[in-house]
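I opened my notebook to look around a new structure, one entry at a time. Come and read along with me.

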Amino acid sequence: MDHLHLNNSVSNKQFGFLKGRSAEIQMIRVMGDWTNYLDQGMTVDIVYMDFMKAFDKVPHDHLLHKLQSLGIHHKIMLWLQDFLNDHSQAVLYNNCTSSSAEVRSGVPQAPVVGLSSFLTFVNDLPDEVSSMIYMFADDTKLYKGISKNADRQQLQSDIDNLVTWSTKWKPLFNLDKCKVMTLVHPPDVSDYTMTQNDGKHISVQRSHLERDLGIMIDSELNFSEHIRMVSKKANGIMAVVKKTFTCLDCECFNFNLLYKSLVRRHLEYGVTTWFLYKMKALKLLKKSQKRVTKQVKQIRHLSYSERLKRLNLPTLR
């Protein structure tokens with residue numbers, strides 16, 4: 001990875017497990033693009049691409065070929081080759097074992113070797129398209145501002161290029177899980193297609209709600225479903241905390257950081273992306289925090305603002 005960074009070989013569209021990049025930074029950039037397109041009067045077509053068992057489907061020979069093309073030191077190449085080769089697998093069932101088969105693909109989903117190998121393997125994927133594309137490891141989204149039919153044709157061409165790449169290098173896309181979403185719904189919604197292994201073209205399923213790096217993105221960009229999701233999750237986690245601790249006092253609440261570490265982080269995650277502009281949504285989150293602060297018996301009788309002061313908690317706003 002040091003070699004790739006030093007030679008500026010890591011795609012700037014990849015944000016997965018890289019220092020100085022994160023899911024939130026990616027979503028800020030993406031949201032900036034989307035709102036800019038919408039401000040110009042365009043619609044935005046987003047294609048969510050889903051790899052089929054991405055880490056398990058990386059062919060070892062293809063991976064080593066790509067590493068070599070990036071100028072990885074030959075000693076590291078030999079070490080990786082030795083690490084990947086000579087693996088076999090068998091099935092054990094009811095004390096019966098099948099014959100063993102050579103493992104020719106797959107990298108472990110573990111730090112260092114697995115993640116860095118996979119990031120290297122998909123590093124050239126963004127080069128196949130002219131539309132905007134961002135990745136977080138294997139999570140891939142492709143999008144384009146649409147103002148005329150030529151824009152739709154270009155996006156379709158980019159989808160075809162990604163499918164061609166996956167056919168060539170073997171980690172195939174799961175066509176049943178690939179989705180397309182349009183912001184905000186125009187009168188004429190276009191269909192996009194992907195090619196199956198048998199050469200048959202199938203339409204990409206339309207979606208109005210997708211989880212994008214932990215944030216629920218809806219086709220109206222109002223984030224109401226995301227607010228409901230995080231409020232429900234926060235209330236559920238706090239219910240578990242309440243059952244686990246027989247007594248919640250100010251000292252326990254603050255010094256053990258129960259609320260901040262287990263609950264509030266869900267309420268705040270990705271807030272720079274879905275920043276609240278509707279009071280109704282803010283009230284829903286505020287209601288969750290109000291309910292939580294009432295769990296502390298010593299200060300239950302105080303007003304909400306006083307409870308926050310005693311617990312040294314800032315308001316959600």
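Below are my entries, starting with the whole chain and then going down to single residues.

**Entry: the whole chain**

I noted at the start that this is a predicted model. I looked up the secondary structure and found 11 helices and 13 strands in the chain. I then looked up the extent of the chain: its C-alpha atoms fill a box of roughly 65 × 55 × 50 Å along the principal axes. How much of the chain counts as buried? I found that 44% of the 317 residues do.

**Entry: salt bridges**

How many salt bridges are there? My count came to eight, and I wrote down a few of them.

I began with Asp-151 and Lys-148, whose side chains meet in a salt bridge with N to O at 3.7 Å. Are these two buried or exposed, I wondered? Asp-151 has a relative accessible area of 11%, so I put it down as buried. Lys-148 has 49%, so I put it down as partly exposed; the cut-off for exposed is over 50%.

Next I looked at Glu-210 and Lys-179, which form a salt bridge with their closest N and O atoms 3.9 Å apart. Glu-210 lies in strand 12 (residues 209-212) and Lys-179 lies in strand 8 (residues 179-183), so this pair ties together parts that are 31 residues apart in sequence. I checked how covered they are, and both Glu-210 and Lys-179 are buried.

Then came Glu-306 and Lys-309, another salt bridge, with the closest N and O atoms 3.9 Å apart. Where do these two sit relative to each other? They are three residues apart in helix 11 (residues 304-311), which means about one helical turn separates them. Glu-306 is partly exposed at 35% relative accessibility, while Lys-309 is exposed at 62%.

Which residues form the positive surface patch? I listed Lys-242, Lys-283, Lys-286, Lys-290, Lys-294, Lys-297, Arg-300 and Arg-317. Which helix gives the largest share? I found that helix 10 (residues 279-293) does, with three residues.

I picked out Lys-290, which has its place in helix 10. Its relative accessible area is 35%, so Lys-290 counts as partly exposed. A residue needs over 30% to join a patch, so I could see how Lys-290 passes that cut-off with its 35%.

**Entry: cysteines**

I reminded myself that a disulfide is a covalent bond between the sulfur atoms of two cysteines. How many disulfides does the count give? The count comes to zero.

Cys-96 is exposed, with a relative accessible area of 51%. Cys-178 is buried, with a relative accessible area of 0%.

**Entry: positive phi angles**

I wrote a reminder first: most residues other than glycine have a negative phi. Then I looked for residues that go the other way.

Lys-170 is not a glycine, and yet its phi is positive, at about 90°. Where is Lys-170? I found Lys-170 in the loop between helix 6 (149-169) and strand 8. At 44% relative accessibility, Lys-170 is partly exposed.

Leu-213 also has a positive phi without being a glycine, here about 50°. I placed Leu-213 in the loop between strand 12 and strand 13 (215-218). Is Leu-213 buried or exposed? Its relative accessibility is 13%, so Leu-213 counts as buried.

**Entry: sequence distance and space**

Asp-61 is in helix 3 (residues 60-69), and I put it down as exposed at 52% relative accessibility. How far is Asp-61 from Arg-104? They are 43 residues apart in sequence and 8.0 Å apart in space, C-alpha to C-alpha.

Leu-257 lies in the loop between helix 8 (250-255) and helix 9 (258-268). Leu-257 is partly exposed, at 40% relative accessibility.

Conventions. Residues numbered from 1 in each chain as written. Predicted model: local features only at pLDDT ≥ 70, side-chain atom pairs only at ≥ 80, totals over all residues. Heavy atoms only, no water. Patch = residues over 30% accessible without salt bridge, like charges linked within 9 Å, V, L, I, M, F, W, Y side chains within 5 Å. Areas by Shrake-Rupley, 256 points an atom, 1.4 Å probe, with all protein chains shown as cover. Salt bridge = Lys/Arg side-chain N within 4 Å of Asp/Glu carboxyl O. Lys, Arg positive; Asp, Glu negative; His and termini not counted. Charge placed at Lys NZ, Arg CZ, Asp CG, Glu CD. Helix = DSSP H or I, 4+ residues; strand = E, 2+ residues; numbered from the N terminus. Buried < 20%, exposed > 50% of the residue type's maximum accessible area, 1.4 Å probe, protein only. Disulfide = S-S within 2.5 Å.
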